[in-house]
Amino acid sequence: MISKWVRWPVSAAAWLAAGVAAANQYNLQEPQSEIARQIYDLHTLIMWIIVGIFVVVFGAMTYAIVMHRKSVGHKAEQFHENTTVEIIWTVVPFVILIGMAYPATRTIISMKDTTHADITIKATGYQWKWGYDYLQEGISFYSTLATPRDQIEDYDHKGTKKGEHYLIEVDNPVVVPTGKKVRIITTANDVIHAWWVPALGIKQDAIPGFVRDTWFTADNPGTYRGQCAELCGKDHGFMPIVVEAVAPEKYAAWVAEQKKTMVARVEDPGKAWTLDELKARGEKVYAQHCVACHQPTGMGLPGTFPALSGSKVVTGSKEGQINTVLNGVVKDGKPTAMVAFGKQLSDTELAAVITYTRNSWANKSGDVVTPADVKAQRK
Amino acid sequence: MEAAHGHHAPGHDSAHGHGHDAHGHHPTGIMRWITTTNHKDIGTLYLLFSLTMFFVGGMLAMGIRLELMQPGLQFWKPEFFNELTTMHGLIMVFGAIMPAFVGFANWQVPMMIGAPDMAFARMNNWSFWLLPPAATLLVVSFFVPGGATAAGWTLYAPLSTQMGPGMDLAIFALHIMGASSIMGSINIVTTILNMRAPGMTLMKMPLFVWTWLITAYLLIAVMPVLAGAVTMVLTDRHFGTHFFNAAGGGDPVMFQHIFWFFGHPEVYIMILPGFGIVSQIVPTFARKPLFGYSSMVYATASIAILSFVVWAHHMFTVGMPAAAQLFFMYMTMLIAVPTGVKVFNWIATMWKGSMTFETPMLFACGFIFVFSMGGFTGLVLAITPVDIQLQDTYYVVAHFHYVLVAGSLFALFGGVYYWIPKWTGHMYNETVGKWHFWLSMIFFNVTFFPMHFTGLAGLPRRVPDYNMQFADFNMISSLGAFGFGLSQLLLVYVVVTCIKGGEKATDKVWEGAEGLEWTLPSPPPYHSFETPPAVR
C-alpha cells in the first residue's frame, strides 16, 4: 500500500515529463502513407467537433449544477415539454454528422481501391508468426519475433533489460520500395489474425480459408512496426509485423539478394548429415516453429500442448513421427494446433527438427532421420 | 387485504427474513429463498447474485491489471492472461450487469405500475435459480484441463473451436443464462402489458418501465441468436460440423456476423435500463418533471431499432465491400442522434430545477458525464477509416468501459442508492455513499482515460505484454484499477449496514420523488399492490 502511494506521484511526474516530449505516446502514430494521413486528419477533425460539443453540452450542465441548486435558493420551474427544442436538437446533430460522414466516405472508397498495384505480397497468419510470399518476385520467408524469451519472462521479479523495439522486432522484416503501390493479400493457416501497421494506416484481418486485400504506398524510407490485432491464442501478443520501406533501387538489390539466398537454401539432397549437424540445424528450426507450443524444455503445456520429452510419438517409430510432423494431427475430422508442417518446411528442415526432438531432453534414441526418409513419406 | 398490511411493525424487513405471514405458509430459512415466488425476494436474490459476480469479475480484472502494470511477464503465462480477459468479460456481462438490471426490474416494475407481483411467479423463481448453476460452470471452467476458455468474450471461431473443455462449460453456461434471460423478459413484458393499474396508460408509465419493456423485447429477439452461435461452435467442436471451418465449406466470418447480431443489441440491453434509472433519479433531485417524456420514449425505441442494423461496425476490418462499410458507418453514426436527444433532455430536466446532490444524483450526473464521453469515442469509432486504426486497440477498451462501467454500472449504483431506503426501510449512510461516488469516479477515470492514449498510439488489446512506450500509461491504469476495485468495498458496507438497520426511511424517502412506489410504506408490503391504486 505504501509503495503504491509513493509510486503513484513518481509515475505521474514521469509521465508528465515524458508526455511533453513524446507525442507518440498519446496520439495516432505519425502517418507515412496517404491513407494514414487521411485517417489522421479525420480523427483530428472529429476530435475538435467533439471538443466543441463537449464544451456546449457540459457547459450547460455545469451552469445548471452551479446555478440551479437548492442550496443557492433556486426555485424549480415546472416546464417539461417543448417540441421546437426537441426538433432543433434532433436536426442539428444530424447536420453535424453529415459533415463528418462526407470526408469519411471519400477515404473509405480510396482505401478499398486495391487495383493497379505495383507489388503484391501475401501475408499468411500462423500461430504465432507471419509468412510472406512476394507473388511476382517469387520470394518467400517466415517472420517471427526477434525479442529473446529472457527479455520477456520475468517471473522471478528481478526485472529484465528490454531493448528499444521490445516485442515489435522480427527476424525477417517485409521489405517494400517507397512510392510504389503495395497490395497486401491476407489469409491465415489456423485461426483469424490481423495484419496491422499503424503508420501505414492499414489493418486487415487474415482469415483462414479466405483471401482479403488492402494496400498502402510508403512515402518515406523507414521501419514501420505493427502487431497482430486479432486475438489468436496464447502468443497473440508476440507476433509483430515489421515493414522496412527502402528506395526502389535498394529494393531491387534486396530482391536479387533474396533470390540468391533462396537458391542457396535448396540444400544438396545427397549430402550425408551427421547426427550432430542435424541436431544443431534442428535446434534452430525448433526455436522458430515449435518452441511456442512445445516449450524450450520439450514439456509442452499440460492440458493444451503435449510434451515431446518422453512422448510416445517422439520415442516411437521414425515413420510415425515423420507422418505426424508432415501431415499434422487431425482430431474429429478437423485440424488441430499441430498443423501439417510438410507444407511449411523443407525435407532437410523436417529431418533436422525430428532428429533434434528424438535426441533432446529425456529422449536419447540416437536415431538419425535423413532428408531422404522425409522425402520418402511425402505423398 | 390492504388493511392487513396497514400496520407495519417497525423494522419489518421483507428483504431479510420472516416473510409476511398473511398467507401463513411461507417456508423459512434457506427454503424460503429457494422456493420463493415473490418479486421482491427474487429481486433481492438477483441483486445479491450480481454483487457477488461483480466481485468475482472484478478479481479477474485485478489479475489483468497486475500483469499489465509493468512490461514483461511477471505473474501469468500468456494463456492464463487470455483466460482472465475472457472470463472477466463473460462474468461481468452475463453475471453482473444483466442480472443486476433484472433484479431492479423485479423489485421496481410491479411497484411502479401498481401491480401486486410479477405475472409468472413460478417462472420468475426458475429464471433466477438457473443463474447460480451457470455461474458455477463458468467459475469451475478455470479448473478443468486446459483451463477456462481463452478465446475472448466474443468467442470468435475458429479460435473457440481450438479451446479445451473449458469452452464447452462456457457454452453451456451461456445457454442456461440465455434461457434465464428469455424467461425473465417474457415475465417483464407480460407484467407490464397486463398488470398496470387502471388509468396507467403506456404513455403514463415511468421511464424505467418503458426502457425495460423495450429491453425485454431486445432480449427475446437476440438471446436465441447467441444460443445458436454457440451451439454451432459446440457442434463444430464435437459433432463434425463445419459451420465455421473454411476447409469444410464453412465461414469463420459468419460467426462474427451472428455473434454481433446478438452482441450489438446486447450492448443496448445493458444500457437502456440504465437510461431508465437515470430518468427516474434526475427529475426527483431537480424537483422538476422529466423534460421531453415522449421524446425520451421515442428515442429509446429508435436506439433499440437501430441496434439491429449496426452490428458489422464491430467487424470493419474483416474486409467487407465498400458499400457495406458505408451502410454500417451511416447507421452507426445515426445512433448518435437519439442518444444525444436523451442527454439533452436530462440536462433540460436539470435546467432551472432546484437541485440537491445526494448520492443517487451524484451517480446520475456522473453517469451523464462519463457516458457521454463513451458516446463521443463511439462517434470516433463509428468513422470507419478511423475505426480501422483503432479496432482491437486499447481505445476500444476505453470506449466500452466508459459506456459499460461509467454507464451501466454507475446507473446501477445510482439506482441502488435511490431505492435501497424503499427496499430495506432504512436510510443508507450518506457520507459513505458520497465517498463511494467520488472514489469510483476518480479511479475510474484514472484507470480508463489513459487507455485512449495507448490505443491511439498503437497498443493492441488482449495482449499480456507491451513495448516500453506504453509503460507509463499502463502503470497509471493499473494503480487506478486497484483503487477502483477497493472503492467498491464501500458499496458492500452501505448495502450490509442498510439491510441491518439504520435511520428509518419515510414512505416518500426523497422530497421530489414522484411515482407509485413512493406511496407504499418503506419497506413495502410483501405483495406490493393487492388492490390497484388510482392513477391520475
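In the predicted model, Met123(B), Asn124(B), Trp126(B) and Ser127(B) of helix H4(B) meet Ser180(B), Met183(B), Gly184(B) and Asn187(B) of helix H7(B). Contact here requires C-beta atoms, placed from the backbone, within 7 Å, and helices (H or I, at least four residues) and strands (E, at least two) are DSSP runs numbered from the N terminus. The residues of this contact comprise 3 nonpolar, 5 polar and no charged; Ala, Val, Leu, Ile, Met, Phe, Trp, Tyr, Cys and Pro count as nonpolar, Asp, Glu, Lys and Arg as charged, and the others, Gly among them, as polar.

H4 (residues 121–129) and H7 (residues 165–194) of chain B pack at about 150 degrees, and their axes lie 8 Å apart. Axes are lines fitted to C-alpha atoms, for helices over the stretch in contact, with angles from 0 to 180 degrees between N-to-C directions. H4(B) and H7(B) are therefore roughly antiparallel, a term for angles over 145 degrees.

This is a predicted model, in which local features need pLDDT of at least 70 and side-chain atom pairs count only at pLDDT 80 or more, while totals for chains, interfaces and linings use all residues. Residues are numbered from 1 along each chain as its sequence is written, and chains are lettered from A and ligands numbered from 1 in the order in which they are written.

Between the chains, 86 residues of chain B are in contact with 91 residues of chain A. Helix H13 (residues 336–350) of chain B supplies the largest share of the chain B side, 8 residues. That side divides into 51 nonpolar, 27 polar and 8 charged residues.

Two nonpolar cores are tabulated below; such a core is a set of buried Ala, Val, Leu, Ile, Met, Phe, Trp, Tyr and Cys residues joined through C-beta atoms within 7 Å, buried meaning 20 or more other C-beta atoms within 10 Å of a residue's own.

| Core | Size | Residues included |
|---|---|---|
| Largest | 243 residues | Leu138(B), Val209(B), Val278(B), Phe367(B) |
| Second, separate | 15 residues | Ile322(A), Val325(A), Tyr356(A), Val368(A) |

The four named for the largest core have the most contacts inside it. Among them, Val278(B) touches Trp346(B), Ala364(B), Phe367(B), Ile368(B), Ala411(B) and Gly414(B), residues up to four places away in sequence not being counted.

In chain A, Ala218(A) sits in the loop between strand S8 (212–216) and strand S9 (222–228). Ala218(A) counts as buried because 24 C-beta neighbours lie inside 10 Å. Beyond four places in sequence, the contacts of Ala218(A) include Gln32(A), Val176(A) and Ala245(A).

Definitions and conventions:
A residue is buried if 20 or more other C-beta atoms lie within 10 Å of its own, exposed if 12 or fewer, and partly exposed in between; C-beta atoms are placed from the backbone. Two residues are in contact if their C-beta atoms, placed from the backbone, lie within 7 Å. Angles under 35 degrees count as roughly parallel, over 145 as roughly antiparallel, 65 to 115 as roughly perpendicular and the rest as oblique.
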